[in-house]
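Please read it alongside the sequence and the model.

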Amino acid sequence: MQEVVIDVSELAPPEPMTAILMALAKLKAQHYLKVLHRREPFPLYPKLVAAGWNYHCQPVVNDDSDKNSLDNSSKGESEITQFQLYIYRQTEQASFELLAEKLALT
Amino acid sequence: MNLSGLSFNALPPVHLPFRFFLSAPIFAFFCVTILLTYGESLWLSRWHPAMLALTHGFTLGIITMVMMGALLQILPVVAGISFPKVERIATISHVFMVIGSASLLLSFLFPHSLIILFSIISLTLAFGVFIGGLFWALAPTLKQTFNQGDTLVVIRLATIALLVVILLGLLLQLNRFGLYAGFSSLTAWLPFDKFYTNIHALLGGFGWMGLLIIAVSFQVIPMFHVAPSFPQPVRKYFAKLIAISLIALLCSSFFEFELKWFIAVLLVLQSFYVLVVINVLRKRKRKVPDITVRYWFLASVSMLFLTLLYFIDEFFSLKALQGKQDLFFSGAFIYFYLLSILQGLLIKILPFLSYTHLQQRCLMNFEAMQYLPHMHQFISKQQANVLWFLHLLAACSLLIVILQPGLYLAFSALLTIEFAYLFWIMVQTVSIYKKTSEKITQLDS
């Protein structure tokens, strides 16, 4: 499968959703969308599934400190700093699972 | 794929929160009617029945009404959790909230036992159903780890505060109904006097409303303004400090502490919070002019001034405020702090919710994207600016009328204009949403 990446982590709502919609509208067969997001877009999930897409969310944990946080006192504590959201067609589930193994997605 | 066994809830239909939002201006008009009916005499004392009605018109009919509607949407956004049977819970709690708040206001003005009883039953149903649903929705957050755990903890604390506020309010209202007459042992244990009314008010302002604003700000400020996260110690411990102060306040009847010391501590804590808000907002990445940011700054700076003035008055007894401190400080807290933040958030979430619901429909048919209006078509920048200006004028006129009650007509007029304009903006948003939604439906069929 081929990857299409969009970074919406510095966009204010509703721009991330606009970017995701535009990318999905153009997504070709055997391609998947990787969205770099600052938060988990929970309300999107059930709608994606209803529209024939599947998703997998991979939190990126920063063990040192939160680069987005104002304070330095959180150093040493792990905090999720980014989410990588993989969106693919439900009909391509088997291909994505193979890819997920390769990418070691948890 | 492993999704950690979690099932995520979609946003509830947009008409559910909008019902709550659209009801708020109606209570503002109810408040204007009270202002015009009672005139100057209303401002003589905070214990004047019409003043109690006015205060509840703002705190229950406007602020709590909007907060309940907003909570329906916040939980799915923050953690992917939702009220169970959200349509039914929202409908029941909204209907009884409107009836209960209106009858409570009337019960202050016309203390007939039937009106009092009606308000008790309606509000018990409204809050019973809503708080029950909220606790049900929050229950999984006790067992599972959520990424937004700090916010959920503060929402839990705010809900507990709301429960205590409502229980105290109902006990006070039952006393007015005369339930305790003849039970001297009970009334001796529970002195239903001004002391408990003060606790009810402080828990409502700093607990329910104050804590919920803090919880929501942890999410919406970084999200909407691409600002840094709040510092972790603030997210983790700050709301707990306020909660501890409020628990101490609740227990203060057993100690010799005066209420004013609790108020001082709570004001200092709130001031610290708004300083953090200012700092976070100053470091936002999107430094575009944004009216919601201006509302946050107005509320934050007002809170700092309010605290400063409170201490100046404590030490130097300001002549202008003599005998009017309670009204002045609570009026400033409600209008300059709570209402400013609430209105700022409304201006942001009304178009955002409408747009998001429409966008999600486009997932089923990408062609529908052509019908999506621009975000600023829902509420234009100019309209938002006008509303901010009207809000500032109304807020200033409230403080002036507290000091000079003869000017009550000015406050009544400005309050009417502000909320009529807000109501118009809301109706416009709903109308654009409906028209676009119909176009998408036609395309689908």
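Leaving aside neighbours within four places in sequence, which residues is A:Ile87 in contact with? They are A:Leu24, A:Tyr32, A:Leu33, A:Val35, A:Leu48, A:Trp53 and A:Tyr55, a contact being two C-beta atoms, placed from the backbone, within 7 Å. The model is predicted: local features need pLDDT of at least 70 and side-chain atom pairs pLDDT 80 or more, while totals for chains, interfaces and linings use all residues. Residues are numbered from 1 along each chain as its sequence is written, and chains are lettered from A in the order in which they are written.

**Nonpolar core**
- A:Ile87 is also among the residues with the most contacts inside the largest nonpolar core, which has 162 residues; such a core joins buried Ala, Val, Leu, Ile, Met, Phe, Trp, Tyr and Cys residues through C-beta atoms within 7 Å.
- Helix 12 (residues 325-362) of chain B contributes the most to this core, with 22 residues.

**Helices 3 and 4 of chain B**
- The axes of helix 3 (residues 86-109) and helix 4 (residues 113-138) of chain B come within 7 Å and cross at roughly 150 degrees.
- Helix 3 of chain B is therefore roughly antiparallel to helix 4 of chain B (an angle over 145 degrees).
- The residues of this contact comprise 15 nonpolar, seven polar and no charged.

**B:Ala28**
- B:Ala28 lies in helix 1 (residues 15-38) of chain B.
- B:Ala28 counts as buried because it has 21 C-beta neighbours inside 10 Å, the threshold being 20 or more.
- Beyond four places in sequence, B:Ala28 touches B:Ile62, B:Leu415 and B:Phe419.

Terms used. Axes are lines fitted to C-alpha atoms, for helices over the stretch in contact, and angles run from 0 to 180 degrees between N-to-C directions. Helices (H or I, at least four residues) and strands (E, at least two) are DSSP runs, numbered from the N terminus. Angles under 35 degrees count as roughly parallel, over 145 as roughly antiparallel, 65 to 115 as roughly perpendicular and the rest as oblique. Ala, Val, Leu, Ile, Met, Phe, Trp, Tyr, Cys and Pro count as nonpolar, Asp, Glu, Lys and Arg as charged, and the others, Gly among them, as polar. A residue is buried if 20 or more other C-beta atoms lie within 10 Å of its own, exposed if 12 or fewer, and partly exposed in between; C-beta atoms are placed from the backbone.
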